[in-house]
Amino acid sequence: MAVTFSLGLWFVRLMIEMDESVFAVVTLVGASVGISGMLREMMRGSIIPELGLAWHSGDMDRFSETFATSFWLSLFAAFIAMLILGLIYVFLPSLSIPPELLPAAGIFLLSRMAHTFIAIALAPCTNLLPITGRMGQMNFWMTTERTLEVLGAFFVLVVFTDTGAAEQLELFAYISAAAMVFTTLCWAFDGMRSNQHFRIRPNQATRSKARDIASTMSWNGFVVVAMNLYERFDMFFMNIFFGVAGTVIFGIATQLLAYLRMLTVGLVQGLDATMSRLSSTTNDKDAQINTLLSNTGRLEGLTTLSAASLLFVHSGTVIDLWVGSRLNDPTMLPQAALIFQIMLTGMIARSLSEGWMKYLSGVGKVRTYGPLLLVSALTNPILVFVLFNYLPQDIAYLCAALAYTLLLSLTHALFLPRVVSLETGLSLTSLWKPKVLPLALAVCATVICYLISMIWNLTPTNYLIASIGVYGVVFGPFFLRSLARL
């Protein structure tokens, strides 16, 4: 989790070092690939509960049937992803991309298409790791994939220093795609090699099982589309209406948000597989699930609220240290920091609800909250356009950030907990209780940091270092105690 977070920060610096326009292209193409990547997430959310329940039932015939059917459905989803990305490739010239980078942007998109196809088609194989409790191996391959991508960018910058930005982007596309495809193939092989039942036997697929998985997939589709529409749509909106500059400032803010959210996602990664396993048992499963939800919720709160409150106070300094020296226009820094601060509240609400959603997904109840998230996400474009037209022109660039925070806060902090309460039988007070202490600690640490800034005249960097020390002292003991309870 920590390694992936650090790699993400380094990757953005490398992209901006190539050129601001390269970063805008990579961010924009990333949003494009993310649209088809929704299918990858949808397959994962559908496969893990179905395969997990089949595996833990002990019925190997049922598992083989589910595994074979999942493979065919994943292959079909991979072709659908290619169709989506193919359409985006056709319309790529319509986006705000510098003409000299347009051919390289096309190559970058095609290279990501190759990796996306392999990743979706082999989803049943790679997801065997969390289903069988091999979380360490899964984290290894996820980290390896990300590491090789970042090292590809570093290699291009170091070795091909005399080439132009377009050539560097093309080389990065080829090298990173080859490395990521190879990693995914090794990941799939690792998932399959531990058991003789983990073999793809296409002839064992059945229509009835396909209908069962497709039903789960449709509801997971609601969730995946809902969780991704915000950033994907908003990125295109900022590119179309605010050009490369708008793409860069919004990309910096959302990338920092994404890396912050990795901390929470890392905690709940595989929780749906665990919930699927627990729900297959009959001995005191409700008590075990409730305990796991409580412990996970406490860790979610400690991780999210500590990092989010620290970055809220120091967002300007962090972004300046991160990419400030790479940007040609210094006015981008405060704009990116303000967008980040506005979106932070929505991200917190979303992150604090990750454990609840993983629970419902793992026990096959994704349909209870999927439509709610989809309605909220579909409201986002409408609200963005309304705010864009009614906000004063000098702050119109904040429209996407404001819509993001408003909708995510309402959906994940108000409406979703009620759904979880109905499905688990736990009161709203019980659901929120594990997150009260982390909130109190975040307020305490933030107040101490503001007092330090009032008493001592520190430089921004020294103030950040002092604040990190304060947060470590305030949160550290409670992190250790929460980890010991797992």
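Helices are DSSP runs of H or I with at least four residues, numbered from the N terminus. This is a predicted model, in which local features need pLDDT of at least 70, side-chain atom pairs count only at pLDDT 80 or more, and totals for chains, interfaces and linings use all residues. Residues are numbered from 1 along each chain as its sequence is written, and side-chain values use heavy atoms, with hydrogens and water left out.

View 1. Leu451 belongs to helix 16 (residues 428-455). Leu451 is partly exposed, because its relative accessible area is 43% (buried is under 20%, exposed over 50%, partly exposed in between; 1.4 Å probe, protein chains only). A nonpolar surface patch of about 820 Å² includes Leu451, Leu439, Trp456 and Leu458. Patch residues have over 30% relative accessible area and no salt bridge, and nonpolar side chains are joined within 5 Å. A salt bridge puts a side-chain nitrogen of Lys or Arg within 4 Å of a carboxyl oxygen of Asp or Glu.

**View 2. Helix 15 and its kink.** Helix 15 covers residues 399-424. Its 26 residues should span 38 Å at 1.5 Å a residue, and the end C-alpha atoms are 36 Å apart, which agrees. A kink of about 40 degrees lies at Leu416, shortly before Pro417. The bend is the angle between axes fitted to the seven residues ending at a residue and the seven starting there. Gly425 follows helix 15, with a positive phi near 80 degrees.

**View 3. Thr147 in helix 7.** Thr147 sits in helix 7 (residues 135-159). A polar atom of the Thr147 side chain lies 2.7 Å from the backbone oxygen of Thr143. The C-alpha atoms of Thr147 and Met180 are 9.4 Å apart.

How values were computed. Helix = DSSP H or I, 4+ residues; strand = E, 2+ residues; numbered from the N terminus. Expected span 1.5 Å × (residues − 1). Patch = residues over 30% accessible without salt bridge, like charges linked within 9 Å, V, L, I, M, F, W, Y side chains within 5 Å. Areas by Shrake-Rupley, 256 points an atom, 1.4 Å probe, with all protein chains shown as cover. Polar contact = N/O pair within 3.5 Å; in protein donor to acceptor, adjacent residues only side chain to side chain.
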